[in-house]
Amino acid sequence: MKKKERWIQHYSSSQKILLVGEGDFSLSACLARHFGSAANMVATSSDSSGKVRTKHWSSETHLEELERLGCVVLYNVDVKEMNRHPILTHIQFDVIVFNFPHAGHFPFLCERNVQLIKMHRELLKSFFKSAREMLSGGGEIHVTHRDDYPYDRWKLEKLAKGAGLNLKEKVEFQKKDYHGYHNKRGGDIKSNKTFPLNDCYTFKFSVITPKKVGGDINDIDDDEEKEDSASTGSFDDEVEGKLPFFRRLHLK
């Protein structure tokens, strides 16, 4: 008997979902808990397994829950080149989710610092290029981001357009819609602390058809220099011949 499709906001149990840049994996756990299964999900962190647990003591419970519900959890995944990851390169996703991307915290740089803003742009520029190659037909990239100053200086939409992506929809983000989710600072300074969620939105991007692609992603830096001075939800097809390895990752 076919299982009933379950939705939580923009996400469905029938979609193949990739979550990147996870902090304590509370967002992944929230989706999996709502779906009743995480067999359609891959959740990743840029850190090692040990570092995740050191930086985010709250991750342990979420990781145990994801394992129980059949989620594939991957560590040391660089969002700038994840399309070349030995596992991820074999899978196409319906939705790729990056909540509150950040290039890191540094004692000598505040959020409005031009140098740090450029680091954020470089991160997202590479992420968009990589993620675009991993989408299934009609797939979307979701980036949840603050849209007030100085975060609006990241020029999210321009970066996406430079990678051949079009803004399909911009939806207000409410943390209360994701029970149990905790937005973590990450980085190496007060990593497990949360941060204010002011003026937050989920930006949904889709691939632009070739005739509509315009502009160069490098134009963003030039502009800013002036200013600053039919999916199934199953991984069976993609992992054929690789099942022994994927079973170790708890794929059901």
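Is Cys-200 buried or exposed in this predicted model? At 3% relative accessibility, Cys-200 counts as buried, because the cut-off for burial is under 20% relative accessible area.

**View 1. Cysteines Cys-30 and Cys-200 in the predicted model.** Cys-30 has a relative accessibility of 4%, and the value for Cys-200 is 3%. Both residues therefore count as buried. The structure contains zero disulfides.

**View 2. The largest nonpolar core.** This core comprises 33 residues, of which Leu-18, Met-82, Leu-88, Ile-96, Phe-127, Phe-128 and Ile-141 touch the most other members. Two or more residues are given to the core by each of several elements, including strand 3 (17-20), strand 6 (93-99), strand 7 (135-146) and helix 5 (156-162). Helix 4 provides the largest share, six residues. In soluble globular proteins, nonpolar side chains tend to be buried together.

**View 3. Surroundings of Phe-127.** When neighbours within four places in sequence are left aside, Phe-127 is in contact with Val-20, Val-79, Lys-80, Met-82, Ile-96, Phe-98, Ile-141 and Val-143.

**View 4. The largest cavity and its lining.** The space in this cavity amounts to about 40 Å³. Its lining is formed by Tyr-11, Leu-27, Val-97, Asn-99, Thr-144, Phe-173, Tyr-178 and Thr-202. By class, five of the lining residues are nonpolar and three are polar, with no charged residues.

Definitions and conventions: Residues numbered from 1 in each chain as written. Predicted model: local features only at pLDDT ≥ 70, side-chain atom pairs only at ≥ 80, totals over all residues. Heavy atoms only, no water. Disulfide = S-S within 2.5 Å. Buried < 20%, exposed > 50% of the residue type's maximum accessible area, 1.4 Å probe, protein only. 1 Å grid on protein atoms, 1.4 Å probe; cavity = no way out; pocket = protein on both sides within 12 Å on 5 of 7 lines; lining within 4 Å. Points joined across faces, edges and corners; volume = space filled by probe spheres on them. Nonpolar A, V, L, I, M, F, W, Y, C, P; charged D, E, K, R; others polar. Core = buried A, V, L, I, M, F, W, Y, C linked by side-chain atoms within 4.5 Å. Helix = DSSP H or I, 4+ residues; strand = E, 2+ residues; numbered from the N terminus. Contact = heavy atoms within 4.5 Å.
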